[in-house]
Amino acid sequence: MRAAPRFVILLIAAAVLAIPAHADDADAEIWHKYREGVMDVLKGHISAMSVVLFEGLEDTGHLQSHADGLAEAATEVGKIFPAGSGDDTGALPAIWEQPDKFAAAVTEFEDSSRSLSEAIASGDRRSMAAAFKRTGDSCKGCHESFRAEEY
Amino acid sequence: MRLLALAGVLLAATAAAQDTQVQRGAYLLQAGGCITCHTAKADDAIPLAGGRALESPFGTFYAPNITPDRDTGIGNWTDEEFVNAFWEGVGPGGKYYFPAFPYPSYTGMTRDDLLAIKAYLFSLEPVPAENREHELPWYLDTRLAAAAWQSLKFSAGRFTGDPERNDEWNRGAYLVRHLGHCGECHTPRDRLGATISGQEMAGVPPRGDNKGTPNITPHPDDGIGKWRKREIELFLELGLLPDGDFVGGSMAPVIDDNTGLLTPGDRAAIATYLQGLPALPRATAAE
């Protein structure tokens, strides 16, 4: 059997070496798309709730639907930044460099979203506004420490 | 006896006026954004004892201790010295300030407001904390450079208001242009670091690692022209953007320490003023 030409061997070696890197890129792209989808869901619930809470839209059950949806979606946030998933969506390296601080921020978001859902169930407007602010503060605090702003 | 009673009433009235002045000063200190810059970033930092690093194209400035400590803070400052620092950009002993201290904006403030802030600061516990030297290139590392900058780029003057506009607009103008000094971050600067007057609030273009700041004029595409007044108020109160996102970055502490603590009336005034600005496209480069 004739030995394979050297350039063919080099070509195969290069292809084998390239596979993992390419696979990582593909994974990161998928994570970015999913991450942005989760964040869009959160923003949608928040924006819809703010219209009812602060801009006068009559509440015929809107608030509870969105608060429950937010509390449910909030449990995703701790799962969408696996190590190696890249920072193209503005995720700062601090997420992976300070895992305890990031985990605490995620827990506060989960807790505050749950409290918001409970406050809306209570029907007390003052509690609702306070709980909305707490949830917003958790979003803002996390973005301040862990997200690169567009500006 | 009657004289003694009168003296007692006068003393009580003076004490009440001082209390009111201190309370007003506490509010104005928040509206002036003093806490954000004059408090170090560490979680356990002592408020107003200095230390926040302000990075600029000209070097890194460290905000000083403004507690009433006599050795390291402002405990020895007279009323005139305090007012002069804000109105003229010159501290006790003729020390010219670099415009990292935003006196080009504060120069428009009223004497009453400044003295209320001083009264509040002097009601606080003195904190001994040495000031950190600025990190500047050799040619700026002298107060003569600050004096030269002032002679070229600074004009002192109080806010006089616009009688053609209503009270809300005028209050907003005072808050945005002077006390809140929004233009220090949102108005582009020329090559000598002075804000460009015809570009008020048009945003700062990115430069190197610095991503710049957004245009907050009512331009429909580049600015906040599509925001309703209520949306601007909610942003100032909570950091909530119209699409449901929450702001982060360097604006987050401004919401926490400043605009989120204002009265609804003051936030409405800021929104009115911003919506009345000329709609400018986003600035692209330093002139």
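How many residues of chain B are in contact with chain A, and how many residues of chain A do they meet? In this predicted model, 24 residues of chain B contact 18 residues of chain A. The two chains bury an area of about 1900 Å² between them, 59% of which comes from carbon and sulfur atoms. On the side of chain B, the greatest losses of area to chain A fall on Lys211(B), Leu238(B) and Phe246(B), which together account for 31% of what that side buries.

In one salt bridge, the side chain of Asp245(B) meets that of Arg147(A), with an N to O distance of 3.1 Å.

In chain A, Ser50(A) lies in helix α1, which spans residues 6-54. Ser50(A) counts as buried because its relative accessibility is 5%, under the 20% cut-off. Apart from residues up to four places away in sequence, Ser50(A) touches Glu55(A) and Phe132(A) of chain A and Leu240(B) of chain B.

Within chain B, strand β1 (residues 53-56) pairs with β2(B) in the antiparallel sense over four bridges. The two strands form a hairpin, with two residues between β1(B) and β2(B). Ala53(B) stands opposite Tyr62(B) of β2(B). Strand β2(B), residues 59-62, is covered on both faces. Gly59(B) and Phe61(B) are buried on one side, and Thr60(B) and Tyr62(B) are buried on the other.

A charged residue of chain B, Lys118(B), is found in helix α5 (residues 111-122). Lys118(B) is classed as buried because its relative accessible area is 10%, again under 20%. The side chain of Lys118(B) makes a polar contact of 2.8 Å with the side chain of Asp79(B). Leaving aside neighbours within four places in sequence, Lys118(B) is in contact with Asp79(B) and also with Trp77(B), Thr78(B) and Phe82(B).

How values were computed
Residues are numbered from 1 along each chain as its sequence is written. Chains are lettered from A and ligands numbered from 1 in the order in which they are written. This is a predicted model: local features need pLDDT of at least 70, side-chain atom pairs count only at pLDDT 80 or more; totals for chains, interfaces and linings use all residues. Side-chain values use heavy atoms; hydrogens and water are left out. Contact means heavy atoms within 4.5 Å. Buried area is the accessible area (1.4 Å probe) that two parts lose on being put together, summed over both. A salt bridge is a side-chain nitrogen of Lys or Arg within 4 Å of a carboxyl oxygen of Asp or Glu. Buried means under 20% relative accessible area, exposed over 50%, partly exposed in between (1.4 Å probe, protein chains only). Two strands pair if DSSP finds at least two bridges between them. A polar contact is a pair of N or O atoms within 3.5 Å; within protein, one must be able to donate a hydrogen and the other to accept it, and residues adjacent in sequence count only if both atoms are side-chain atoms.
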